[in-house]
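Please work through the following exercises with the sequence and the model at hand.

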Amino acid sequence: MTALPDIFSELNADQVTLLRVIYGPAREEGRWPHWQWVDGTYRGETGNDTRDVLRSLPTVWPVSDHFPRYGLVKHDDRIVRDETVIRLTVAAALHLPEFRKVGENFTQILQVLIEQSMYPPRDPFEVKPLVITNDELWQDYRIPLNPVLDRLMPDLLWNEPLNLANGSGRAPDTSAWQLTLNREGLRTVHEVKGLKDYVETVVAWVQRIPDHLEHAVVDVAPAAAPRLAPLIVPQSNYIDQELIEKLEVAQQGSKWGLKKLLQLLRELNENYDSKNVYACHALLRAVLDHVPPVFNQNNFASVAVQYSWSLTDKKYMKRLEEFRAQADDALHRQIRSREDILDFHDLPPRAWVNRLLDEAVAVLETESSEA
């Protein structure tokens, strides 16, 4: 098992092939394919497990499971079913050569949409939606639309995390479409100048959502908007049960005694399910203090800084190191006249801790294979 790569890292051949399979129908027909077709086609071409390759694609995780994550592929169902529509995001244009022109054209058009969003409304007493059509892009702005993007533009704008469009429509039996633009979403990307710049902006937005919670989540990305969802139904466990099981297997060939770690993780899940906030703080702090030797480090601060994490994972580990001070608060703050302010939702996102343990499993498996 290896860590998921950074979203800008080079993909392997299997991952690129999966993106190409997904893009094929969109390039030919202007519509994204369903999972049954993607799975059958990819397996037929490569013999690989499509789900495994899908899961291996780089993903940018937000600081909370309640907010959207961002990767190269998007789907709206929590469980991938035969009928689930599988899309590429604009970020996939960084890795798939034949899709790159679409991504570059997308950011070019984005500049026009941003310009439109900056114009003040003419009527001070009536609120009107900001609407633009593909005919206007061609006739008024002389932008030569890539034929594929012309068909996919409404879908791309609607499904990117920033919710750049509030609605879209297409005239029956024609190629004409119109978009109702989201001013707030467009202002978030108003400095974007190119494809990579756009993806970097989206990644930064996903990773700092709580820093501008009111504007980004309420105004830019309302709850009703479709969001990228996990491949499996969320569980009540804080620690992924599959990781616990892999640690149980790893302890059989490991030089480390994992019995205490496994018990800490089981108790953490039990208390998480019961929403025992102080027990969870204490147990997670114990886990962080317990694992550094696996990474050949003396303390968790060194794990966060010295270990060779991907760019995204290093940010997660630094946040977990910062959490240790919060755990001290839960454990050592003495009684006072005012109520404590910590609650269950102050715990770090599951994704951070599971990535730590996922990497620990990878290290243990590597050591075992080399022994």
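The model is predicted: local features need pLDDT of at least 70, side-chain atom pairs count only at pLDDT 80 or more, and totals for chains, interfaces and linings use all residues. Residues are numbered from 1 along each chain as its sequence is written, and side-chain values use heavy atoms, without hydrogens and water.

**Exercise 1.** Describe how helices α1 and α4 cross, and list the residues that make the contact.

Solution. Begin with the axes (lines fitted to C-alpha atoms over the stretch in contact, with angles from 0 to 180 degrees between N-to-C directions). Those of α1 (residues 13-29) and α4 (residues 97-118) come within 10 Å and cross at roughly 60°. The two helices are therefore oblique to each other, a class left over once angles under 35 degrees (roughly parallel), over 145 (roughly antiparallel) and 65 to 115 (roughly perpendicular) are set aside. Next, identify the contact (heavy atoms within 4.5 Å): α1 contributes Arg20, Tyr23 and Arg27, while α4 contributes Pro97, Glu98, Phe99 and Val102.

**Exercise 2.** Determine whether histidine 95 is buried or exposed, and locate it.

Solution. Histidine 95 lies in the loop between β4 (87-88) and α4. Its relative accessibility is 13%, so histidine 95 counts as buried (under 20% relative accessible area; exposed is over 50%, partly exposed in between; 1.4 Å probe, protein chains only). Leaving aside residues up to four places away in sequence, histidine 95 touches Ile7, Phe8, Ser9, Leu11, Val16, Leu19 and Leu72.

**Exercise 3.** Name the elements against which the buried residues of α14 pack.

Solution. First, list buried residues of α14, among them Tyr316, Leu320 and Phe323. Then follow their packing partners: β1 (59-60), α8 (195-207), α12 (277-290), α13 (300-306) and α15 (350-370).

Terms used
Helices (H or I, at least four residues) and strands (E, at least two) are DSSP runs, numbered from the N terminus.
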